[in-house]
Amino acid sequence: MTHSGKVAIVTGAGSGIGQATVLRLAREGARVVGCDVNPQGLAATRAKLEEAQLSATLLVADVARQEDVERVVAEAGRVDILANVAGIMDFFLPLDELDDATWQRVLSVNLDGVMRMTRAVLPRMREAGGGAIVTVASKASFSGGVSGAAYAASKHGVIGLVRHVAYFYGPLGIRSNAVLPGPVETGIGATAMPKSPWALERAKLAMATMPKSARPEEIAAIISWIASDEASFLNGALVTADGGWSAA
Ligand SMILES: NC(=O)c1ccc[n+]([C@@H]2O[C@H](COP(=O)([O-])OP(=O)(O)OC[C@H]3O[C@@H](n4cnc5c(N)ncnc54)[C@H](O)[C@@H]3O)[C@@H](O)[C@H]2O)c1
């Protein structure tokens, strides 16, 4: 019961890493508020929670919309843990083939969403004297060859936010860290289908040393530990969780 008595918000709760994180934190005693844009995904998460005789509050919300973010945080009340997990890919679109709509949507979910959620919980964490924020970044946070331009820019960008929060709010007891997964077996493939043949050929070279995919539960376990009091001195850390891919 690592998180007994804690309140946790998890974004992207309807699939993959977010769903696994909801289940993990709920199993470990947290009162979890999960949100996702996809109601079917949340229904699947609810079914898994019931199967495991666990409970969580699940809300349909878009992290890119300020009013949705405020609604989720209001539902949580106190917030001890924020797991910024929601994210989408960009069809591996290289810059000269990138349309404005894809750029804006990817940035608004992957970067603005993290900014909005984190900004919204900070006053509550300050008031409570602390909190833990875990943001799911990516191997693409330090690589230009494993996604399209928009995803790479968004995932490089969240590292700046994670470190900003770690530095400025660390003295107030608020920890901000990132997890950087490599491939994970999740639903993100829906926005990962490459649209550009030449860019795909180029990306394949950067992926030549890619290890086998992780299960979402393996990333959720790392998120849970980073958010736990055991990791009390971990702040501003970028925790690579890619099976050794970036060690190549
Ligand atoms: N799967 C991978 O290989 C991989 C690798 C590195 C990083 N990541 C990152 O992991 C995180 C989780 O992705 P996943 O792999 O579990 O994918 P996923 O598609 O299985 O889950 C992402 C969830 O986020 C939700 N979502 C999308 N936009 C949203 C929004 N605006 N507001 C709220 N929810 C929204 C989706 O509906 C979905 O349920 C993402 O940030 C992704 O970039 C994934």
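Q53 sits in the loop between α2 and β3. Helices here are DSSP runs of H or I with at least four residues, strands are E runs of at least two, and both are numbered from the N terminus. This is a predicted model, in which local features need pLDDT of at least 70, side-chain atom pairs count only at pLDDT 80 or more, and totals for chains, interfaces and linings use all residues. Residues are numbered from 1 along each chain as its sequence is written, and side-chain values use heavy atoms, with hydrogens and water left out.

Q53 is exposed, at a relative accessible area of 74%. Exposed means over 50%, buried under 20%, and partly exposed in between, with a 1.4 Å probe and protein chains only. The phi of Q53 is near 55°, a positive value in a residue other than glycine. F91 also has a positive phi, near 60°. F91 lies in the loop between β4 and α4. Most residues other than glycine have a negative phi.

## The sheet

Seven strands form an open sheet in the order β3-β2-β1-β4-β5-β6-β7, with parallel pairing. Two strands pair if DSSP finds at least two bridges between them. β3 (57–60) and β7 (238–241) are the edge strands. Each has a single partner strand, so one side of each lacks a neighbour in the sheet. The twist averages 15° from one strand to the next.

## Strand β1

How many residues of strand β1 (residues 7–11) are buried? Five of the five are, so β1 is largely enclosed by the rest of the structure. Both faces are covered. V7, I9 and T11 are buried on one side, and A8 and V10 on the other.

β1 is joined to strand β2 (residues 31–36) by five bridges, and the two run parallel. There, V10 stands opposite G34. β1 also pairs with strand β4 (residues 81–84), in the parallel sense, over three bridges. The bridge partner of V10 in β4 is A83.

## Helices on the sheet

Helix α3 (residues 66–76) packs on the sheet and touches β1, β2 and β3. Contact means heavy atoms within 4.5 Å. The direction of α3 makes about 165° with that of β2. Helix α4 (residues 100–128) packs on the sheet too, touching β1, β2, β4, β5 (131–136) and β6 (174–181). The direction of α4 makes about 175° with that of β4. Axes are lines fitted to C-alpha atoms, for helices over the stretch in contact, and angles run from 0 to 180 degrees between N-to-C directions.

## Helix against helix

The axes of α3 and α4 come within 9 Å and cross at roughly 35°. The crossing is right-handed; that is, the near helix is turned clockwise from the far one by less than a right angle, with anticlockwise being left-handed. On α3 the contact uses Q66, V69, V72, V73 and A74; on α4 it uses R116, M117, R119, A120, V121 and R124. By class, these residues are seven nonpolar, one polar and three charged. Ala, Val, Leu, Ile, Met, Phe, Trp, Tyr, Cys and Pro count as nonpolar, Asp, Glu, Lys and Arg as charged, and the others, Gly among them, as polar.

Helix α1 (residues 16–27) and helix α7 (residues 216–227) pack at about 55°, with axes 8 Å apart. That makes α1 oblique to α7. Under 35 degrees counts as roughly parallel, over 145 as roughly antiparallel, 65 to 115 as roughly perpendicular, and the rest as oblique. The crossing of α1 and α7 is right-handed. α1 contributes G16, I17, A20, T21, R24 and L25; α7 contributes P216, E217, I219, A220, A221, I223 and S224. Eight of the contact residues are nonpolar, three polar and two charged.

T45 belongs to helix α2 (residues 39–51). T45 is buried, at 0% relative accessible area. Beyond its neighbours within four places in sequence, T45 is in contact with A13, G14, S15, Q19, V22 and L58. S154, in helix α5 (residues 149–169), is buried at 0% as well.

A178 is in strand β6. A178 counts as buried, at 0% relative accessibility. Not counting residues up to four places away in sequence, A178 touches T135, A137, I159, V162, A237, L238 and V239. A178 and T57 are 121 residues apart in sequence and 24 Å apart in space, C-alpha to C-alpha.
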